[in-house]
Amino acid sequence: MLEADRVCEIHSGGRYGTGYRVTTTLILTAGHVVHDESDAMISFLSDQLMSNDSEAARIQPARVVWRTEGEHWRGTDAALLQLTEDDAEYYPPPRWGALVCGRPGVGCTALGFPDVQVSETDAGREVRGAEQLRGTINPFSKLQAGLLDIDVDSATPVFGDRDQGEPISGWHGMSGAAVFCADLLTGVVIWDEVRFGGRRLTALPTERLMQDEGFRRLIADATGRVPFAEPVELDDLQDVPAEPQSPAGLLQADVETVRFRGRHDLLEELQTWCTRQGLFAVRLLTAAGGQGKSRLGRELGRRMATEGWAVLHLAAWRPDPTREAYKIVRELKVPLLIVVDYAESRTDQLTALAQSLVRHRAEKVRLLLLARTKGDWLEIVAASAPGLDVFQLSTIEHTELPALSGANGELGTEQAFTDAVRALAERLPMLHGHGQIDWRAAVEQVRRPRMSPDRYTNILEVQMTALALLLAAAYPDTASTQPHAPDGAEDVLLLHERRYWTRMAETHALALEPPVPAGLVAIATLCTAADREEIGPVKAGLQILSERHSSELVAVVARWLHDLYPARHMYWGSLQPDRLAERLVGRAVVDRPDHFDAPVSEVSPRQAHDALTVLTRVGFRYPEAAKAVRRLVAAYPDLLAVPATLVAMAAEDPTPLNAALDVVIERCRAQGHSWGLLSRMNDAIPVGSRVHQMRAVTVTELLVEHHRDGDKDAGKVAADLAGALNDFGVRLSSAGEHERARAALQEAIEQYDRLPAGRFDRRHATALTNLAAVYSKVDRQEEAYQAGARALDLLERLDARVQGGILSDIAHARNNVGLILCQLGRNAEAAQQLQQAVETYERLAVHERDTYRPFLARSLRNLGGVQPHIGDRLDAIGRAVGIYRELAQARPDTSMEALAAAAKDLQHELMASEPTTAALNAAHIGVDARKLLARHDPQLLVELALALRLMADLMIDAGNNDPSAPAYALMAYGILKQLSQTDPHRYAGECELARQTVARASFRS
């Protein structure tokens, strides 16, 4: 935000204007404010206010250390001044902003010293007062010139007498003022537009400053961080790190205390992923806690921002169920990278975001997910809407972050330790209460420990040890805790964190018994609060930990926690980094196993999810925490069973959660109640879940038994039983128990058959479709056809009664029936069904193009496989290839494999007819697709090799002596030869065929 104490008045060689302090010693202003060869004199607004006299205020000298080159009126007009005499405390850099959408009316403000505020003192001296401007920016105004026009909404000055034919503006002196859009420094005022009578000013966007290497270097040298511009319009969604207040805060990845080094190959790979073809792509990066995922995401974001991308580090907050908050991303005029940290614990938010992004068609969007695990949580997102199969476990692009090794030019543990000691020593004096220490002397006392690979391959472990050793050297009274010992570094940091808690408690006049602050912070860490409505767990904890727990004391404690760990969109956040938080929680539960029992009984649904996530992680290191998980879920099943079901799908070790869930399920079975709870648990488990596969079978079986014994209205019982049997059959089929699945689905259909016609036809058709799928899996195609045909008949009769709404169901059913008929050899009937499916998808795609074009392409390809005439086959498959090519350009992750398969079909059809050139074109499409697929999945190299060999054979058979034929043949042979070395039995035959193609191609050439 705009901070008044950073605003200054500048005088230089007869010129004057405004500046803004962007670091402790650097002032940003307009270039024309400072004279080429003169130093500048600086007077800060805060000093003027303290002295009540701008002339008597402290004046500080400064010199120009950077300025833009070029003509002022072309907008290349900015300068950096460096204070030559300054003893100010640390000033962190502002957040820089850039406008990335075309939405008009972006609010802004600026504070400067224009002529209109010049007044005369009693002594007859002129003094210059401050003026705060309020205005709006319309991004497309002056877009071609690369400038920003500000329409002034606040008072505008009256123009003075004309000077040489031009009116004199009262805004003179405002040049150099920093323009803030919300919390982001977005521009620098450089002139006023005389033609608009003082109602419009022009500013130089700060994103243009980011493009200047000299500017970036000066800011980076002063702050330790390379500056980059954040997207203004996405700022409400941005995760903004709080300035660290305690030593442990320096270890947070988003604070970026230690410079980033290493990971060169992975960063290059991720940058290539960002810029490659396609509008939308998703990537998953996994590693254990403290391995550097978050820091890598920050570094990638910084690099992409310098390339002109908008970068959004998505803040954790309650998802907007209408997805309105995310629609802004559809209006971008620049590509966007979204980084989602802790993605495995944010499925609700991720689902809402993904459902909005799937319709995005403007600029490139890349979604980078950072998580500890690749697990069932992805299936929750994938199942939330059509077109999100890119999130499926089997298809998502995934990279596991390796540990520190020092090999192949990567960062080693010794260098990482040295970097950490130096960087931390530079930042520690900037923290309150640590400025009096001689940190250079402390650095000299630090001795690097033996960096054993079993302990120090984790970057956070290295940095925690470096910080603990520095603190131990600076504060000898902490020497009793050995940083080198297991958990020693964490204990040293927690000791200093306790000092921070005590200091902050004093500022709140809060007096608590010595053990109470740690206990309360542990509860607050387990149960972060989104607002004051979520202080219940801390209130319950205070009643247990302290004899005093009045409502007034609870309010003071809540404010204390709010100020201890501020977090955007939250009332209070959590102790960071995670390892330190887990140590605190672990020690609390070891010292008192029931420490969290009362607090957890008061959690909100959101807090329940977070608390179980943290406790499960802590259970990795502390068995007492795992026991607490099992006890708490079993004790509060209505509150915790569904969150436990979700957390288990994202946990590194879901054992305690699964054990607790099994207890809950068994109690439901034994006691014969809580059927609503079992139903909610079933709804929370995606069909593709591996963690809960058999648990889902058990839950749905219990629900079947419950509905079978129901004593309510007979019709309601039959409908509920049919629905439960359908769910049971789907779960059984997913678990590979197809015969039991068939029996359950058959009974579900029998139940629906007994119900009045029309009311449950859609559910009836779903059960029939599921039964058809089970029959197909066990190769009982005739029975699959009977079930599929009945489903289609029900849907068509329903469509006649209900206008719209189920056309997609009908199209899906026709496609499925067509495929079954094809398996039965009834191609003419299959073609009829598939043709109608194509026509229905075409109607649907008119209104929802992005949703239904993939289904249209699929049905066209299927239709091409059963058409009797070559022309019809070529037409259908060719259309499918055309659609897949468009889809692959937008979303290669989800459509490239389908494009390759369709192109292969087209190539085979063309090879059976005359047009060899067309076959070659299809082969080219297939090879290009296979290349991209193999680049991201080496297991698909064999498919690429076969496509290359067929391409070379086609070129040879065409007889046109294409010079690229030998190259394609050699590429195929090289891949297959390499594969045959690892598995000769499997690849020897194909390798020999490729060798023969090489010989043929070489002979022809």
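1. Arg63 pairs with Gln82 of strand 6 as its bridge partner. That bridge belongs to the contact between strand 5 and strand 6 (residues 79-83), which run antiparallel and are joined by five bridges. Strands here are DSSP runs of type E with at least two residues; helices are runs of H or I with at least four residues; both are numbered from the N terminus. Two strands count as paired if DSSP finds at least two bridges between them.

2. A word on the basis. This is a predicted model, in which local features need pLDDT of at least 70 and side-chain atom pairs count only at pLDDT 80 or more, while totals for chains, interfaces and linings use all residues. Residues are numbered from 1 along each chain as its sequence is written, and side-chain values use heavy atoms, with hydrogens and water left out.

3. Strand 5 also pairs with strand 4. Strand 4 covers residues 40-44 and strand 5 covers residues 60-67; three bridges link them in the antiparallel sense. Within this pairing, Met41 has Pro61 of strand 5 as its bridge partner.

4. Now strands 1 and 2. Strand 1 (residues 7-12) and strand 2 (residues 15-21) run antiparallel, joined by six bridges. Cys8 has its bridge partner, Gly19, in strand 2.

5. How do the six strands of the closed barrel run? The order is 1-2-3-6-5-4, and the pairing is antiparallel. From one strand to the next, the twist averages 40°. Such angles are taken between N-to-C directions, from 0 to 180 degrees, along axes that are lines fitted to C-alpha atoms. Strands of a sheet pair through backbone hydrogen bonds, either parallel or antiparallel.

6. Arg128 deserves a look. Arg128 sits in strand 10 (residues 126-128). Is Arg128 buried or exposed? Arg128 counts as buried because its relative accessible area is 12%. The cut-offs are under 20% for buried, over 50% for exposed, and partly exposed in between, with a 1.4 Å probe and protein chains only.

7. Two residues other than glycine have positive phi. For Ala182, phi is near 55°. Ala182 is in the loop between strand 15 (178-181) and strand 16 (184-192), and it counts as exposed because its relative accessibility is 57%. For Tyr342, phi is about 50°. Tyr342 lies in the loop between strand 21 (336-340) and helix 6 (347-357). Tyr342 is partly exposed, with a relative accessible area of 29%.

8. Check the peptide bond between Gln576 and Pro577. The bond is cis, with omega about 0°. Pro577 is placed in the loop between helix 14 (551-564) and helix 15 (578-591).

9. Finally, the whole chain. The chain has 35 helices and 23 strands. Of its 1005 residues, 55% count as buried. Among contacts (heavy atoms within 4.5 Å) with a separation of 6 or more, 69% are between residues 24 or more positions apart.
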